[in-house]
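Subject: Structure handover

Hello,

Please find the structure below. My notes on it follow.

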Amino acid sequence: MDEDVKVCLTEREIPRKWYNIQADLPHPLPPPLGKDGKPIGPEALAPVFPMNLIEQEVSTKRWHAIPEPILEVYRLWRPSPLRRARRLEKALKTPAKIYYKDESVSPPGSHKANTAVAQAYYNREFGIKRLATETGAGQWGCALSLGCKLMGLECKVYMVRISFDQKPFRKMMMRMWGGQCVASPSMETQAGRTILQQQPNTPGSLAIAISEAIEDAVTSKDTRYALGSVLNHVLMHQTVIGLETQKQMKKIGLYPDVVIGCAGGGSNFAGMAFPFVADRIHGKSVRILAVEPAACPTLTRGPFAYDSGDVAMMTPLLAMHTLGHAFVPAPIHAGGLRYHGMAPLVSHVLREGLIEAAALPQTECYEAAMLFANTEGFIPAPETSHAIAAAIREAKRATEEGKERIILFNYSGHGLMDLNGYEAYLNGKLTDYELPDQELQTSLKCLEGLPKPPPLQG
Ligand SMILES: Cc1ncc(COP(=O)(O)O)c(C=O)c1O
């Protein structure tokens, strides 16, 4: 063995700043629009978010210092290890070197804790006492429950019905960290009651749960809303992942040929990728790949359009790749990837040609997860398995081409609370679902009449 498997940093080497890609974009991000189609100012977001986070949302400053109380919590699990997947490489008989950044080591088990702690901190600093949020897979609800507990806030979580039923232990984790979790749609909000009346058996969706959480936030005292992905400030908090990884790769004298992340709302992908996108903007040669499920192919088949982030259209209109805010994705097991939209920043860098996107079928991802678990040992989250499957495709390509490529992917979370998906796979009950074009076209009808983003100029 000539090289270590783990590349570790000391706590002193945790990045002290987050990176804001808005400072380096070739073209600026199209602004969020209000219901009247006009750009909204920061004050329009004030009932929903605290002003200190709104400032980060609209900031074009390149670096934002990470406050010490956040770093103090980060030190519980950061720096996270970068590992070389030697045993997977061997099984694949590939000349490629595969590295993965292990974000599953946080207490809730995923990257979501990086922004949960930050959002709870900034809300507390602004005098907020309670946060309301949605959760898909349950990872974000757990992360925010933990963040709120450590920062002394209350937390209410609207959990997408299908995940609520599939993942009972996630609810218990939230409860242990003081979070109050209900299935969405619920009878607790007007948005939830309306949907339940129309579709009593709906599996729910992130877009519905977001409507409920925003309604809760704007109608409850001292409460704001927290989102686990999609928004600019959330993606910025996650860049601690990519910045740490860059230090780790530098330590072993390597630079990746391809950087891969799974993409639901885009936050773990952006967290890993954006520091590398910055390198690319400044002339470095690196491919960057976002991977989504074929059942919810936002980046690969959804148009770049102005759309709402939630089903009740409570959020401003965001310019993003979208399948339409009324889209209810098939109940695949990667609950965290079942979102109709994609972060405006991720959508924008795709449009700029700085990244690529691919959509993979569920069974290929489970096969990849099984191979990973049987070689590297760790059991990945179903969301993460999309990044693993794409890394395996890249490794196979490297074999065919006889190239010693360096493949890097973000291991966004563990799957220890997602075992019923594995049970379905092992019992041969898992099927693939490719979104039919007809269904997509029907769903996109809800975009009619909404403003269109301007073309890129220059
Ligand atoms: C482990 C894991 N990875 C990825 C995601 C997808 O979210 P995002 O695209 O914001 O990283 C989730 C969402 O719940 C998740 O739990």
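P293 stands opposite L360 in β14. Element names follow DSSP runs numbered from the N terminus: helices are H or I of at least four residues, strands are E of at least two. This is a predicted model, in which local features need pLDDT of at least 70, side-chain atom pairs count only at pLDDT 80 or more, and totals for chains, interfaces and linings use all residues. Residues are numbered from 1 along each chain as its sequence is written.

Strands β11 and β14 (residues 356-360) run parallel and are joined by 5 bridges; two strands pair if DSSP finds at least two bridges between them. L289 stands opposite E356 in β14, and L289 is also the bridge partner of I260. Strand β10 (residues 258-262) is joined to β11 by 5 bridges, again in parallel. From β10 the chain passes through α11 to β11, a β-α-β crossover that is right-handed (with the strands pointing away from the viewer, the path from the first strand over the helix to the second runs clockwise).

Of the 7 residues of β11 (residues 287-293), 6 are buried. Buried means that 20 or more other C-beta atoms lie within 10 Å of the residue's own, exposed means 12 or fewer, and partly exposed is in between, with C-beta atoms placed from the backbone.

The open sheet has 7 strands in the order β1-β4-β5-β15-β10-β11-β14, with mixed pairing. Its edges are β1 (6-7) and β14, each with a single partner strand, so one side of each has no neighbour in the sheet.

**Around the ligand**

There are 21 residues around the ligand, and Q139, S229, G264, G336 and G413 come nearest (near means a C-beta atom, placed from the backbone, within 6 Å). By class the shell has 7 nonpolar, 13 polar and 1 charged residues, where Ala, Val, Leu, Ile, Met, Phe, Trp, Tyr, Cys and Pro count as nonpolar, Asp, Glu, Lys and Arg as charged, and the others, Gly among them, as polar.

**Helix α10**

Helix α10 (residues 232-251) has 20 residues and spans 29 Å from its first C-alpha to its last, close to the expected 28 Å (1.5 Å times one less than the number of residues). A kink of about 30° is centred on Q238, the bend being the angle between axes fitted to the seven residues ending there and the seven starting there. Because 15 of its 20 residues are buried, α10 is largely enclosed by the rest of the structure. Just after α10, G253 takes a positive phi of about 70°.

Regards
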